[in-house]
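Have the coordinates open as you read.

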Amino acid sequence: MTEQSVSIRSICVYCGSRPGRDPSHMAAGRALGREIAEYGLRLVYGGGTKGIMGAVASGVLSGGGQVTGIIPEFLIDMEATRHSLGQLNELIVTPDMHARKHTMFERSDAFVALPGGIGTLEEIVEIMTWAQLGRHEKPMVFANVNGFWDPMMELMRHMTEEGFLHTAHRVQPLVVDEISGIIPAIMAQAVQLAADRDGEDEVISKM
């Protein structure tokens, strides 16, 4: 683990529980999983063992990495199988979706959104909302596989131009096209955020 990664120990990945139509989405999930393992980081994710979710977890496990799955009881038989869940290093079963999302947030130092559907969108948007409200400064990344998130970026530009992202400086997710660039981008932003905080503390101490 590099010195830069000291403040980043776990990465939350939001993604589809289905594979999608483009095979590159599943490949991206496996590749990101392998990258997480290679950097010695822990995957925190929604516990599904199917679709892109399963691909990410499989990538981490095949690379010898650690995986924490967090899933509500009612979704276990929809997004996973009880046998496959037994392969995870840690499994947390929550009573509902709210508890799942809160636990994922608490356990994670950064967030990555791979391609997915409404659930994936809702999860990463909630994290951005919390950032806009000043509740966290954790890095947020859109893994823009084959331009999947381009419409989302256009919508955010539109909302900013219309004056609705009034604290847009707090909602600045990274948009990374190549899977290999995601973790380095997260590490670099974490270092910059730490430097900014140190600078602010120094200014305050001199007041």
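This is a predicted model: local features need pLDDT of at least 70, side-chain atom pairs count only at pLDDT 80 or more; totals for chains, interfaces and linings use all residues.

Residues are numbered from 1 along each chain as its sequence is written, and side-chain values use heavy atoms, with hydrogens and water left out.

**Helix H1**
- H1 covers residues 23-38, 16 residues in all, and spans 23 Å from its first C-alpha to its last, close to the expected 22 Å. That expected span is 1.5 Å times one less than the number of residues.
- Helices here are DSSP runs of H or I with at least four residues, strands are E runs of at least two, and both are numbered from the N terminus.
- The buried residues in H1 include His 25, Ala 28, Leu 32, Glu 35 and Ile 36. Buried means under 20% relative accessible area, exposed means over 50%, and partly exposed is in between (1.4 Å probe, protein chains only).
- An α-helix has 3.6 residues a turn, so residues three or four places apart point the same way.
- After H1 comes Gly 40, with a positive phi near 70°.

**Salt bridges**
- The count comes to seven salt bridges, each being a side-chain nitrogen of Lys or Arg within 4 Å of a carboxyl oxygen of Asp or Glu.
- Asp 109 and Arg 9 pair up at 3.4 Å, N to O. They link distant parts of the chain, 100 residues apart: Asp 109 is in the loop between H5 and strand E5 (110-113), and Arg 9 is in the segment before strand E1 (10-14). Asp 109 counts as buried because its relative accessibility is 14%.
- Glu 90 bridges to Arg 42, with the closest N and O atoms 3.8 Å apart. Glu 90 is at 25% relative accessibility, so it counts as partly exposed.
- Lys 101 and Glu 122 meet at 2.5 Å, N to O. Here the link runs from helix H5 (Lys 101) to helix H6 (Glu 122), 21 residues apart.
- Salt bridges that share partners join Arg 42, Glu 90 and Arg 107 into one network.

- Glu 123 lies in helix H6 (residues 118-132). Leaving aside neighbours within four places in sequence, Glu 123 is in contact (heavy atoms within 4.5 Å) with Tyr 14, Arg 100 and Lys 101.

**Gly 51**
- Gly 51 belongs to helix H2 (residues 51-62), and counts as buried because its relative accessible area is 16%.
- Not counting residues up to four places away in sequence, Gly 51 touches Gly 16, Ser 17, Arg 18, Pro 19 and Met 26.

**Surface patch**
- Phe 74, Met 78 and Met 97 make a nonpolar surface patch of about 320 Å². Patches take residues with over 30% relative accessible area and no salt bridge, joining like charges within 9 Å and nonpolar side chains (Val, Leu, Ile, Met, Phe, Trp, Tyr) within 5 Å.
- Areas come from the Shrake-Rupley method with a 1.4 Å probe, and for residues only the protein chains shown count as cover.
- Met 97 sits in helix H5 (residues 97-107) and, at 32% relative accessibility, counts as partly exposed.
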